Each structure stands twice: as C-alpha cells, then as structure tokens.
Amino acid sequence: MPTFTALTTLTGKDNAEKLGDAMETLIPEPTGVGVFEIEDGSGIWEIGGYFTEAPDEAGLALLAVAFGAKEFAVSELPDTDWVAKVKRELTPVQAGRFFVYGSHDADQVPEDSEPLLIEAAMAFGTGHHGTTLGCLRALDRLIEGGFHGRNVADIGCGTAVLAMAAARVWPETVLASDIDQVAVDVAEANVKANALEGRVICLEAAGFGHPDLTAQAPFDLVFANILKAPLVMLAPDMGQNIAPNGHAILSGILNEQADDVVAAYDAAGFDVMHREEIGEWTTLTLTRRT
C-alpha cells in the first residue's frame, strides 16, 4: 500500500495546531497528523500528514494560504517494510556495561553485560541515538564511581530504556514517566519484555506532576532525555525534587544549546560533573549542590 506525506512549516504554535486540526477534515483523510516545534529557537513549527491515498493538493494549498504556511511538499514514500529495514541496519549497542539490542540479535548478548531489549519498531531509544547512548554512558560512569541510586526517576522516559538500565543494576523500584500515553504504553511493553514488571513503574505525567513522583521525592538520580526547552523549564522543579548531592543526567541537547541548559541548572543549584558530546548531541551529568 503506498504512503504519501504532506509537509509544511509556519510560525506560531496556535496556527500550527489549528492547521493540524484542519488537515484532519481533508478527503481523503490522513491516517495521522503531526505538529512539532523545530528546536532551534526560531519559533517555526512543522506540520505533516500521512495518507494512504494521494492527498487533495488543492485543499492543502488552500489550507496553507488560510493559515499562513509555506506551500505543502507532497511526496510518495517507497513501499518499504520499515521494521525489517531497521532490523537490518540497527546493530546492537554497547554502552559501558549496558547492551541494547533487538530480539533479532538476542544471540549476541554478552554474558557479562546488562541486557536491555528494545524492539526494532521502537527505533528512538534503542541506544543508537547519541542522546540515549550518552545517558547510558553517564549512568555507567556514575556506577563505576561507586554511586548507588536508591531513588531514581526517568522523566520523559520514551521507551524506558534508561529506567530499565537503572533497574538492571540496583534493586530499588524506578519511576518512569512520560507526558504521552502512547509512550507510556510503549514503556510498559518494554518493561514487560525485559521481565522488569514491578521494578519499573510507568506513569503518565508532565514533569514531576504525578502523586507517585511527589510522594517519592526527593530523588538521588533523575534522567531527563527530552529537549532543551522543556529541560530549561524543568530546572527549578529539578532543584526541588533532587536531593542535595543527588544527580541529574540530561540529554536531548544540541551541542550549541548546552551552555544555556548549564546556566539554567546552575541557577537551580546544580554543578556540572561531566559533559560529553556524541555527534551533534550533548549529555550532561549534574550534581545538586548542598
């Protein structure tokens, strides 16, 4: 079955969301519509729709004019089995003691590793992305330095790979939260696939906004592999919810954005313990001042 995409950009969240809603009324209907902010400080939003039939280009042109967007770029995607493609192209990843793999590579898990199974259909969060890899390396460094996480949370957990990594090495229960229920469902599926039910508890929450997170704070380690803007917004809450001498491992930060994140967390009471660049992404390990 062919798949078509229709993509455009415009300035401003409100218009972007309204355009996304308007796209849902097109005939033929899109199978999905996404509205995303481009994280470069420009204020530009990308709006995209997926179709199983060629979209109404005249209707798209009218919507672009009505909402002040650029002309839609319409493309037909090749008929590709994307999961099979990911399985062929994604090889296992070693990050210190952690070994992230798909079920198709189960025979390659080293005996002395901490294995983390993430299925190929959930490619972001497999460890191949520089942000996830950086966070796993940061965790491994803390462990090598003698740190033991007794109260750990993963904010914006996605696949929950970071929460599961903590649960692999420490016996305590780890809380994993995400603002999106679909991500929470993915996290729960991964937790089950790794036989960590009851060890990693998945919650739907924005930031620390869940009673279970409030009850368990202050934490001695918090992961947040999200994006610069929400990381900066979270800085004061991190300061309130991480214990003195506790750590934050942050990523989803472009290298040129790292200084801004460091400044926000310095104001919230954190010092930089380690900073690593992997490709275009920076991972920060921070320590809360006493």
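This is a selection-by-selection tour of one predicted chain.

**Ground rules**

The model is predicted, so local features need pLDDT of at least 70, side-chain atom pairs count only at pLDDT 80 or more, and totals for chains, interfaces and linings use all residues. Residues are numbered from 1 along each chain as its sequence is written, and side-chain values use heavy atoms, with hydrogens and water left out.

**Whole chain**

Start with everything selected. The chain has nine helices and 14 strands. These are DSSP runs, numbered from the N terminus: helices are H or I with at least four residues, strands are E with at least two. Of the 290 residues, 48% are buried. Buried means under 20% relative accessible area, exposed over 50%, and partly exposed in between (1.4 Å probe, protein chains only). The accessible surface comes to about 13,700 Å², and 52% of it belongs to carbon and sulfur atoms. That area comes from the Shrake-Rupley method with a 1.4 Å probe.

**Stop 1: helix α1**

Select residues 13–23. Which residues of α1 are buried? They are A16, L19, G20, A22 and M23. Together they cover an arc of only 160° around the axis, which puts them on the same side of α1. The arc is taken over the directions from the helix axis to the C-beta atoms. An α-helix has 3.6 residues a turn, so residues three or four places apart point the same way. Then show β1 (3–11), β2 (32–37), β3 (44–51) and α2 (57–67), against which the buried residues of α1 pack.

Next, select P28, in the loop between α1 and β2. A cis peptide bond joins I27 to P28, with omega about 0°.

Move to E37, in strand β2. Its relative accessibility is 38%, so E37 counts as partly exposed. Leaving aside residues up to four places away in sequence, E37 touches I44 and W45. E37 and K13 are 24 residues apart in sequence, and their C-alpha atoms are 7.8 Å apart.

**Stop 2: the three-stranded sheet**

Select β5, β6 and β7. They form an open sheet in the order β5-β6-β7, with mixed pairing. Two strands pair if DSSP finds at least two bridges between them. β5 (93–95) and β7 (114–117) stand at the edges with a single partner strand each, so one side of each is left without a neighbour in the sheet. The twist averages 25° from one strand to the next. Axes here are lines fitted to C-alpha atoms, for helices over the stretch in contact; angles run from 0 to 180 degrees between N-to-C directions. Strand β6 (98–101) pairs with β7 in the parallel sense over four bridges. Find F98: its bridge partner in β7 is E114. Helix α5 packs on this sheet, touching β6 and β7, and its direction makes about 150° with that of β7.

**Stop 3**

Select residues 161–169. Seven of the nine residues of α5 are buried, so the helix is largely enclosed by the rest of the structure. The buried ones are V161, L162, A163, M164, A165, A166 and A167.

Step back to A160, in the loop between β8 and α5. Its relative accessibility is 0%, so A160 counts as buried. Its phi is near 70°, a positive value in a residue other than glycine. Most residues other than glycine have a negative phi.

**Stop 4: the seven-stranded sheet**

Show the strands in the order β10-β9-β8-β11-β12-β14-β13; these seven form an open sheet with mixed pairing. Its edge strands are β10 (200–204) and β13 (270–278), each pairing on one side only. Strands β8 (152–155) and β11 (219–225) pair in the parallel sense over three bridges. D154 has F223 as its bridge partner in β11.

Zoom to N190 in α6. At 2% relative accessibility, N190 counts as buried. A polar atom of its side chain lies 3.0 Å from the backbone oxygen of T159.

**Last stops**

Select P218, in the loop between α7 (211–216) and β11. A cis peptide bond joins A217 and P218, with omega about 5°. Finish at N245 in strand β12. N245 is not a glycine, yet has a positive phi of about 70°.

Methods. Contact = heavy atoms within 4.5 Å. Polar contact = N/O pair within 3.5 Å; in protein donor to acceptor, adjacent residues only side chain to side chain.
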